Structure formats: C-alpha cells, structure tokens
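User: I would like to go through the terms used for this model one by one, with each value set against its cut-off. Please begin with the ground rules.

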Amino acid sequence: MICSLCPRNCRSERTDIQNLNGFCKMPLLPRVARAALHFWEEPCISGTNGSGTVFFSGCSLKCVFCQNEPISHGGVGKDISVERLAKIFAELEKAGAHNINLVNPTHYAEAIRRAFEIYRPAIPVVYNSGGYDKSETLEMLAPFVDIYLMDFKYQDPQHAFAYSGAADYPVLAADAIRTCYSLQPQCIFDEAGIMQKGVIVRHLLLPQATRDAMAVFDWVRQNTPNAYFSIMSQYFPTGAALQMKPINRRVTAREYEKVLNYILDSGFENCYMQERASAAEEYVPPFDFTGV
C-alpha cells in the first residue's frame with residue numbers, strides 16, 4: 001500500500017510488516033502496546049467499569065511533549081494480526097468495558113476497519129485522536145465509530161510547527177473536527193451518564209499558551225455547539241520538551257485559572273475541566289503489552 005491515510009501524505013510504501021521511510025514508521029498491521037480497562041478518560045467515557053482502551057504505536061504528529069513517547073516516538077508495541085485485534089475488542093467488551101477506545105488509530109485505519117468487519121462490539125466505539133486527520137480516513141471508519149474524542153492542540157500555527165512540525169495543523173484539525181461533528185452531531189448518554197454517541201474536543205493547556213487555549217475554546221463553541229469541550233491541565237514536560245522553553249515547565253495555577261474563568265464566564269455548559277493534580281506521571285499507563 002502507498003499510504004496517504006494522514007495529512008503528512010508521505011506516500012510511503014507500507015506492507016503488513018514494514019514501512020519504508022514513512023513518517024509514522026509503522027507497518028500496515030497493528031502494533032499495540034496495551035489493551036486494558038482505562039479509568040483516566042473523561043467521566044462519560046471511563047465511567048465506573050473503565051474504557052476498553054487499545055493503545056496503538058506510532059503517530060502522525062509526534063509532538064515534542066508527548067506523554068506517551070515510548071509508543072508514539074519509540075514504536076514500543078507488539079505486532080498483531082487483524083484477527084487478534086478483533087479478538088481484543090471482544091475480550092475488552094467481555095471484561096465489562098463501557099466502550100472500545102482506539103487511541104491514536106489514524107495510521108491503522110485500514111486494519112481497524114478489517115477488524116470491525118470480523119467483530120463489531122455491541123458497545124460504543126471511540127475514535128481517540130490527536131486531531132491530525134483527513135476527512136476521507138474519518139469517513140472510511142464512520143460506519144463503526146460512535147464517539148469522536150478529538151484533540152484540538154493549537155490554533156496558533158507557530159505553536160503547531162514548533163511542537164509538532166505541522167504548521168497546517170490548525171486548519172486540518174478544524175476540518176477533521178467538523179467532519180466528526182457532521183457524522184455525530186448530537187451527544188447521547190445512557191441512564192448512567194455514559195456517552196453513547198457524540199463528539200468531545202480536548203485541549204491540553206501548554207505553558208504560555210492561554211490565548212491559544214481560549215481561541216480553541218471559542219472555535220469549538222462557535223463551530224460545534226452540541227459537542228463537549230474538555231480542558232486538560234495534565235501537561236508535564238517530558239522528552240524533548242524538557243529542553244525547550246517555555247514548555248520545559250508545568251502550567252501554573254494562574255495560567256489554568258485564567259482559562260477556566262474564561263470558559264466559565266462564557267456560559268458554555270458542555271465542559272469537562274481537569275484538576276491540576278492530574279499533571280502527574282503516575283497517570284500515564286504502563287506500556288507493558290497488557291492484553292495484547
């Protein structure tokens with residue numbers, strides 16, 4: 001396959017077991033670092049039983065501050081078949097997961113589609129992405145996806161280029177989220193408050209980036225008014241970010257409160273707001289091939 005699944009459009013030759021010079025460096029068949037119940041998503045996703053989360057290796061963004069660096073940059077994971085991926089979905093469902101949560105699925109969209117053709121869970125499927133997606137790829141998986149959990153990392157192209165090497169991110173992420181919203185325009189919850197369908201747009205607040213965070217929030221409120229917005233305070237510097245100012249420190253209480261007050265003053269009610277105590281490494285799951 002000559003790959004153009006993500007906006008990098010590197011047109012790398014990808015086989016089941018190799019990737020020749022592509023940006024993500026991943027083969028066509030899935031590489032998975034962990035498949036387990038996960039309790040640190042938004043409450044409507046994790047619930048009480050946990051989200052059946054599949055952590056895929058590789059990434060089309062490779063942000064310098066990525067908290068999942070071993071899998072996004074380092075490619076840590078176990079290569080599995082499409083058939084095994086389908087069985088993982090069934091095993092997570094049997095374990096009581098509220099949903100099947102596909103973390104960073106973009107570059108495996110073809111394999112994921114084939115896995116769902118083998119086994120389609122009776123619980124919702126969550127497409128959990130960094131936001132750097134093509135509408136064509138999202139639409140290909142649309143028959144199988146119920147919830148879109150999408151990052152909107154930057155409105156500022158300078159930040160997007162400096163931290164993710166993708167100056168086009170603001171425009172393309174906006175296009176991707178509009179596509180998701182067109183596919184799932186209403187948020188639907190069950191009697192226990194667990195989301196069944198809808199869109200959640202996440203934004204991770206970075207140091208000295210309060211204006212960018214407020215711009216992202218304004219875009220979400222104006223363009224996807226029925227979606228939920230999730231502001232996250234969990235940033236801590238890791239990897240290359242440890243050597244890069246100003247992101248070589250954590251977000252201050254003043255920075256976070258400024259953004260929270262802006263959101264609260266807007267009157268927009270569909271919001272999740274993360275506690276600052278979440279900025280801790282213990283919330284990063286171990287990529288130890290559990291469930292793979």
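Analyst: What follows is a set of questions on terms, each with its answer.
This is a predicted model, in which local features need pLDDT of at least 70 and side-chain atom pairs count only at pLDDT 80 or more, while totals for chains, interfaces and linings use all residues. Residues are numbered from 1 along each chain as its sequence is written, and side-chain values use heavy atoms, with hydrogens and water left out.

User: What makes Phe-65 and Tyr-235 an edge-to-face pair?

Analyst: Rings of Phe, Tyr and Trp (its six-membered ring) pair if their centres lie within 6.5 Å, and planes under 30 degrees apart count as stacked, over 60 as edge-to-face and the rest as tilted. The ring centres of Phe-65 and Tyr-235 are 5.9 Å apart and their planes stand at 75 degrees, so the pair is edge-to-face. Phe-65 lies in the loop between β4 and α2 (69-72), and Tyr-235 in the loop between β11 (228-232) and α9 (253-266), 170 residues apart; helices (H or I, at least four residues) and strands (E, at least two) are DSSP runs, numbered from the N terminus. Ring pairs also link Phe-65 and Tyr-235 into a cluster whose members include Tyr-132, Phe-152 and Trp-219.

User: Why is Phe-65 called buried, and why Tyr-235?

Analyst: Buried means under 20% relative accessible area, exposed over 50% and partly exposed in between (1.4 Å probe, protein chains only). Phe-65 has a relative accessible area of 4%, so Phe-65 is buried, and Tyr-235, at 0%, therefore counts as buried too.

User: Which other pair is edge-to-face, and what are its values?

Analyst: The structure holds 17 aromatic pairs, among them Phe-55 and Phe-287, which are edge-to-face at 5.5 Å centre to centre with 70 degrees between the planes. Phe-55 is in strand β4 (residues 51-56) and Phe-287 in the segment after β12 (271-273), so that this pair spans 232 residues of the chain. Both Phe-55 and Phe-287 are buried.

User: How do you know that α3 is oblique to α4?

Analyst: Two packed helices are described by the angle between their axes and the distance between the axes. Helix α3 (residues 82-94) and helix α4 (residues 109-118) pack at about 60 degrees, with their axes 8 Å apart; axes are lines fitted to C-alpha atoms, for helices over the stretch in contact, and angles run from 0 to 180 degrees between N-to-C directions. Angles under 35 degrees count as roughly parallel, over 145 as roughly antiparallel, 65 to 115 as roughly perpendicular and the rest as oblique, which makes α3 oblique to α4.

User: What sets Asn-9 and Gln-208 apart in accessibility?

Analyst: Asn-9, at 40% relative accessibility, counts as partly exposed, whereas Gln-208, at 56%, counts as exposed. Most residues other than glycine have a negative phi, and most peptide bonds are trans. Asn-9 has a positive phi of about 45 degrees although it is not a glycine, and phi of Gln-208 is likewise positive, near 55 degrees. The peptide bond from Lys-245 to Pro-246 is cis, with omega near 0 degrees, and Pro-246 has its place in the loop between β11 and α9.
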